[in-house]
Amino acid sequence: MIELKEIEEPVLLAGVALSDYDDTDQSLDELEELASTAGAVVAGRVIQNRERVHPGTYLGKGKLEEIKALAAEVGAVGVICDDELSPAQLRNMEDALELKVMDRTLVILDIFASRARTREGKLQVELAQLKYRATRLVGLRSSLSRLGGGIGTRGPGETKLEVDRRLIHERIGHLKGELKDVERHREITRQQREKNHVPVAAIVGYTNAGKSTLLNRLTGADVPEEDKLFATLDPTTRSLALSGKEEVLLTDTVGFIRKLPHHLIEAFRSTLEEARYADLIIHVVDCSNPQMELQMHVVYETLARLGVTDQPVITVFNKADLLRGRAEAECMESSGSYQNESGTNPGGFGQTGVFKDFKAERTLILSAKTGEGLEELKEAIAQVLRAGRVYLEKLFPYDQAGKLQTIRKYGTLLSEEYTEDGIAVEAYVPAEVYGGLL
C-alpha cells in the first residue's frame, strides 16, 4: 500500500530588531507556529539588529549572505520575514537569495485560505488575498508569477501565472458586491435578534486562546477544536440558557494576532462587527501563555480599530488546567501547596489571583477543556446583563396586559402566570422603564 502525506517545506525565519527592547524573538516564535500551521517546517532563524528596516532588501547585505549560506546548509527552500514586505523588498530579496520569499501577511492569508469553509469565509479570504496582490503588481515584473500562494500554494488564481491588474480590480469589485449581499443578510438577522430582545455576547480573544472549546462546552456546538492558530475561521452563533429562564446568544469570532493584516480586518469587518453590536464581550485569554499580557493588548487594540469600546467585558483566563499542572510539577518537592506571590492558588477556579484586567467588569479563571468554572461564568454573564436593570415582581390586572409588551420589548420576561386576579409577572426591566410599569 502506498501512503501519501503532505510534503513539509523547510524554511528560514527572518526578523529585524529595531531596539534592545523589541520582542522580536517572541514574535518569531509565533511566526514559527504560523509557518507550522501553514504546512512548513522551520529549519532556522535569523535576527538582525538595525536602527531601521532596509528599504530595499529588508535586511542588510551581510545578513542576506548569511541567510543564503544557512539555507544551503539546512536545505531550506524559502524565507519568511516577520514583517510585511514591499514589492521592491520582495523582488530584491528573491534576486539576492535565489529562494522563495514570503512575509508574515502572506502566511496568514495562506492559513485563512485553508481554513475557510463557508461561502462568506471564502469570499472574505479571496478579497483579502486580491487586495494584497493588487498593491504588489507595480514593480514585481518577473517575480509576479511567484505570488500564486504561500506555503502549499493555496488560494484563488494560483494556476494563472500573470494576473492583469484590471481583472484583479474587477474581481475585487465583484467580491465586494457579493459580500454586501451577505452583509445585508447579516443585518436582517441582527435586526431579528433585536426584535426578539435576546442579548448577544461575542466571544473574542487571541488566536488559540480556547474560544471554540468554550463555545462547545457552554452550548454543545460542534465547532472544530485544534491546538493550532486560526483553527476556527467561520463565526458560529449558539443559544445559551442562563438561570431564571434567561437566554443569551453566544457568537464565536475570528481569533486575533499581532500584526494582523489590515486587508483581513477590512475583508472580515462584517464578521468582526458582530462584536460591535453585541451586548457583552467575553474576552478569552490563555493564562498559561507567557505572552498573555501582550496578547490581551493586541485584542483590545484590534477591538478599538473595529470601534468596540463601550460594551461591558468579562475576561476569562482560560487553560487554568495547564497552569495548575505546570505549577504542581514545579513544586512537587515543596510542601505540595503552590501559591503565587499574592498568596493565592493560580489553579484555583473562580479566583483571579494575580490575573487582572482593569478594562473588564468581571474576571474569572476557568478551564474550558475540563469544564471547571463554567457555572461561575454563566452566572457572571447573567449578572452583567442584568446590570442597570431592576427586578420586577407584580400582578397586572388584565386591563393592563399591554404592559407585558413593554416588558418584552425593553426587558427580560422571566415568567408569566395567568390567574383569576390577573397576570403574575417576574422580569428584569431597565430602570427608566420600571416606573411606568408600577
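Glu98 sits in the loop between α3 (87-97) and β4 (100-103); helices (H or I, at least four residues) and strands (E, at least two) here are DSSP runs, numbered from the N terminus. This is a predicted model, where local features need pLDDT of at least 70, side-chain atom pairs count only at pLDDT 80 or more, and totals for chains, interfaces and linings use all residues. Residues are numbered from 1 along each chain as its sequence is written, and side-chain values use heavy atoms, with hydrogens and water left out.

Just after α3, then, Glu98 takes a positive phi of about 55 degrees, although Glu98 is not a glycine. Most residues other than glycine have a negative phi. Glu98 is also exposed, at a relative accessible area of 62%. For the cut-offs, buried means under 20% relative accessible area, exposed over 50%, and partly exposed in between (1.4 Å probe, protein chains only).

As for α3 itself, its buried residues are Pro87, Gln89, Leu90, Arg91, Met93, Glu94 and Leu97. Their cover includes α2 (61-74), β3 (78-81) and β4, with contact meaning heavy atoms within 4.5 Å.

## Another positive phi

Asn208 is a residue other than glycine with a positive phi, near 70 degrees. Asn208 belongs to the loop between β5 (200-205) and α7 (211-219). Is Asn208 buried or exposed? At 18% relative accessibility, Asn208 counts as buried.

## α1 against α4

Helix α1 (residues 24-38) packs on helix α4 (residues 104-115) at an angle of about 40 degrees, and their axes are 9 Å apart. Those axes are lines fitted to C-alpha atoms, for helices over the stretch in contact, and the angles run from 0 to 180 degrees between N-to-C directions. The crossing of α1 past α4 is left-handed, which is the name used if the near helix is turned anticlockwise from the far one by less than a right angle (right-handed if clockwise).

On the α1 side, Ser27, Glu30, Leu31, Leu34, Ala35, Thr37 and Ala38 do the touching, and they meet Arg104, Val107, Ile108, Asp110, Ile111 and Arg115 in α4. Sorted by type, the residues of this contact come out as seven nonpolar, two polar and four charged. Ala, Val, Leu, Ile, Met, Phe, Trp, Tyr, Cys and Pro count as nonpolar, Asp, Glu, Lys and Arg as charged, and the others, Gly among them, as polar.

## Aromatic rings

Rings of Phe, Tyr and Trp (its six-membered ring) pair if their centres lie within 6.5 Å; planes under 30 degrees apart count as stacked, over 60 as edge-to-face and the rest as tilted. That rule gives three aromatic pairs. One of them is Phe317 with Phe355, stacked at 5.1 Å centre to centre with 25 degrees between the planes. Phe317 lies in strand β9 (residues 313-318) and Phe355 in the loop between α11 (320-330) and β10 (362-365), so the pair ties together parts 38 residues apart in sequence. Both Phe317 and Phe355 are buried.

Elsewhere, Lys394 lies over the face of Phe396, 5.6 Å from the ring centre. A charge sits over a ring if NZ of Lys or CZ of Arg is within 6 Å of the ring centre and within 35 degrees of the ring normal.

## Ala427 in β13

Ala427, part of strand β13 (residues 423-430), is buried with a relative accessible area of 0%. Leaving aside neighbours within four places in sequence, Ala427 is in contact with Val390, Tyr391, Leu392, Ile407, Thr412, Leu413 and Leu414.
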